[in-house]
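Please look at the sequence and the three-dimensional structure shown below. The paragraphs that follow lead through them step by step.

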Amino acid sequence: MKDKILRKLFLGFMQIHILYHAKKEPIYGTWMMNELKEHGYKISPGTLYPMLSRMEKEGLLIKEEKNVDGRIVKFYTTTILGEEVLVEAREKAMELTGEVKEKGDNIDSI
């Protein structure tokens, strides 16, 4: 039960990571999967690629297909809407981080 709840929560965090990196430079699936793995997220291609597709359909990402060494690679970049969502998500994350880290608050004992 706990794992299912955390997975649902972390999927939102992963989307913020995707928006952040796609804002800095175009990203592609394999690179993003490795980047997320470096941050401790376990995500399979069967989860990541539908997420990228969904984010594109929602207008958060734009996809550009490029021929790289004879194969088509899908690169994703954050849209203006994606950047707006990223700004709001960052504000909420900072606010939450501040609350969770309050002095005298021992969240580890919860």
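This is a predicted model: local features need pLDDT of at least 70, side-chain atom pairs count only at pLDDT 80 or more; totals for chains, interfaces and linings use all residues.

**A charge over a ring**

The charged end of Lys66 is placed over the ring of Phe75, at 5.2 Å from the ring centre. Lys66 belongs to strand β1, while Phe75 belongs to strand β2 (residues 71-78). Is Phe75 buried or exposed? Phe75 counts as buried because its relative accessibility is 15%, and the limit for a buried residue is under 20%. Lys66, in contrast, has a relative accessible area of 34%, so this residue is classed as partly exposed. When neighbours within four places in sequence are set aside, Lys66 is in contact with Arg71, Ile72, Val73 and Phe75.

Strands β1 and β2 run antiparallel and are joined by eight bridges. Within this pairing, Leu61 stands opposite Thr78 of β2. The strands form a hairpin with two residues between them. Asp69 lies in the loop between β1 and β2. Its phi angle is positive, at about 55°, although Asp69 is not a glycine. Asp69 has a relative accessible area of 78% and is therefore exposed.

The secondary structure consists of four helices and two strands. Read from the N terminus, these elements follow the order α-α-α-β-β-α. The C-alpha trace spans about 55 × 30 × 20 Å along its principal axes. The chain has 110 residues, of which 26% count as buried. Among contacts with a separation of 6 or more, 45% are between residues 24 or more positions apart. The UniProt record, an unreviewed entry, places the feature "domain: Transcription regulator PadR N-terminal" at residues 18-86. In the model, this span is 54% helix and 23% strand, and its end C-alpha atoms lie 10 Å apart.

The next element to examine is helix α1 (residues 2-24). Helix α1 contains 23 residues and reaches 33 Å from its first C-alpha to its last, which is close to the 33 Å expected at 1.5 Å a residue. Which residues of α1 are buried? They are Met14, His17, Ile18, Leu19, His21 and Ala22. These buried residues pack against α2, α3 (45-57), β1 (61-68), β2 and α4 (80-100).

How many aromatic pairs does a search of the whole structure find? The search finds three. In one of them, the ring centres of Phe10 and Phe13 are 5.7 Å apart and the planes meet at 35°, so the pair is tilted. Phe10 and Phe13 are separated by about one helical turn because they are three residues apart in helix α1. An α-helix has 3.6 residues a turn, so residues three or four places apart point the same way. With a relative accessibility of 30%, Phe10 is classed as partly exposed. Phe13 is also partly exposed, with a relative accessibility of 35%.

Tyr28 and Phe75 form an edge-to-face aromatic pair, with 5.5 Å from centre to centre and 70° between the planes. This pair links distant parts of the chain: Tyr28 is in the loop between α1 and α2 (29-38), Phe75 is in strand β2, and 47 residues separate them. Tyr28 counts as partly exposed because its relative accessibility is 32%. Elsewhere, ring pairs link Phe10, Phe13 and Tyr41 into a cluster.

If residues up to four places away in sequence are not counted, Pro45 touches Met33 and Pro50. Pro45 and Met33 are 12 residues apart along the chain, and their C-alpha atoms are separated by 7.6 Å.

Key:
Residues are numbered from 1 along each chain as its sequence is written. Side-chain values use heavy atoms; hydrogens and water are left out. UniProt positions are given in the numbering used here, feature names are shortened, and annotations may be inferred rather than shown by experiment. Rings of Phe, Tyr and Trp (its six-membered ring) pair if their centres lie within 6.5 Å; planes under 30 degrees apart count as stacked, over 60 as edge-to-face and the rest as tilted. Buried means under 20% relative accessible area, exposed over 50%, partly exposed in between (1.4 Å probe, protein chains only). A charge sits over a ring if NZ of Lys or CZ of Arg is within 6 Å of the ring centre and within 35 degrees of the ring normal. The expected span of a helix is 1.5 Å times one less than its number of residues. Contact means heavy atoms within 4.5 Å. Two strands pair if DSSP finds at least two bridges between them.
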